[in-house]
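User: Please walk me through this model feature by feature, giving the general idea before the particular case. Where would you begin?

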Amino acid sequence: MRVLLAEDDLDMAKTVQAILCSENIICDISESGEEAWQIGQVYDYDVIILDLNLPDINGHELLHKFRDSSIKSPVLILSGIQEVQEKVKALGFGADDYMTKPFAKEELIVRLKALARRAEGHASSVISVGDIQLNLDNQRVEVKGIPLELTGKEYQILEFLFVRKGATVTKNNFLNRLYNGMDEPEEKIIDVFMCKIRKKLQEILGEVGREYIETIWGRGYVLREPSSYSNILSVHTPLNKVASIPKIV
């Protein structure tokens with residue numbers, strides 16, 4: 001998960017960032033509304049955390065700009081203002097949730113994860129694709145009930161594919177997710193991670209384990225139900241044309 005935090009109190013911002021990092025959540029900090037506005041147009045954030053009292057622009061105005069633009073990330077207001085009228089106003093401007101300071105770190109994490117999964121159409125924290133189950137809350141993956149041992153970056157890649165199931169995720173998207181724009185390696189590192197994940201799935205599921213993650217040549221990767229690709233071939237493709245379809249690796 002990647003989060004943008006618009007907060008001008010640097011001590012508070014660093015505290016929130018440390019809490020999120022402890023949960024393997026990337027947190028970019030912006031100390032001004034204008035900067036948050038600019039960054040939000042560049043990166044695809046899972047959630048934006050917004051303080052209402054920013055130095056250069058009113059939080060409600062910034063929220064309105066987010067909602068009038070192509071920025072569709074869910075917004076969590078994190079503010080010291082506790083009046084009910086302010087909460088109602090913020091929600092009316094398009095906020096998805098509202099928390100007051102001080103806050104419990106466990107509650108913040110739970111709310112962020114709930115917002116992120118709902119934004120992707122997942123009501124539950126457990127996402128199932130075929131024989132694979134991924135739990136967003138405890139960051140565990142099971143294959144036919146067997147725990148899948150993954151490194152931190154392997155899990156982040158698989159989680160990204162799960163929440164975007166059926167959609168192509170580019171290698172650049174993965175790099176931004178994994179390295180936060182800092183010291184990014186070449187895109188081919190994503191191919192290496194994919195190869196390792198497929199191998200681990202194959203060790204439990206056999207050859208079908210390689211069919212979950214499809215390579216979209218020149219674009220990226222997409223997660224599918226293992227039978228969907230076979231069904232497309234059998235229904236729409238003549239037998240004498242199957243050999244011309246690029247192999248999924």
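Analyst: Let us begin with a residue whose relative accessible area is 47%, Asn-24, which counts as partly exposed; buried means under 20% relative accessible area, exposed over 50%, and partly exposed in between, with a 1.4 Å probe and protein chains only. Asn-24 has a positive phi of about 60° although it is not a glycine, and its place is in the loop between helix 1 and strand 2. Helices (H or I, at least four residues) and strands (E, at least two) are DSSP runs, numbered from the N terminus.

User: What should I keep in mind about the origin of the model and its numbering?

Analyst: This is a predicted model in which local features need pLDDT of at least 70 and side-chain atom pairs count only at pLDDT 80 or more, while totals for chains, interfaces and linings use all residues. Residues are numbered from 1 along each chain as its sequence is written, and side-chain values use heavy atoms, with hydrogens and water left out.

User: How many helices and strands does the chain have, and what share of its residues is buried?

Analyst: The secondary structure comes to nine helices and twelve strands, and of the 249 residues 45% count as buried. A contact means heavy atoms within 4.5 Å. Among contacts with a separation of 6 or more, 56% are accounted for by residues 24 or more positions apart.

User: Where does Glu-184 lie, and which residues does it touch beyond its sequence neighbours?

Analyst: Glu-184 lies in the loop between helix 7 and helix 8, and, leaving aside neighbours within four places in sequence, it is in contact with Leu-175, Asn-176 and Tyr-179. Glu-184 counts as partly exposed, at 30% relative accessibility.

User: How many salt bridges are there, and which parts of the chain do they link?

Analyst: A salt bridge is a side-chain nitrogen of Lys or Arg within 4 Å of a carboxyl oxygen of Asp or Glu, and the structure holds 16 of them. In one, Arg-164 pairs with Asp-44, the closest N and O atoms being 3.1 Å apart. This pair links distant parts of the chain, 120 residues apart, with Arg-164 in the loop between helix 6 and strand 10 and Asp-44 in the loop between helix 2 (33-42) and strand 3 (47-50). Arg-164 counts as buried at 17% relative accessibility, whereas Asp-44 is partly exposed at 49%.

User: What do the pairs of Arg-111 and Lys-200 look like?

Analyst: Arg-111 forms a salt bridge with Asp-97, the closest N and O atoms being 2.9 Å apart. Arg-111 lies in helix 5 and Asp-97 in strand 5, so this pair ties together parts that are 14 residues apart in sequence. The side chains of Lys-200 and Glu-154 also meet in a salt bridge (2.6 Å, N to O). Here the linked parts are distant in the chain, Lys-200 being in helix 8 and Glu-154 in helix 6, 46 residues apart. Lys-200 is partly exposed, with a relative accessible area of 23%, whereas Glu-154 is buried, with 3%. Salt bridges that share partners also join Glu-7, Asp-51 and Lys-101 into one network.
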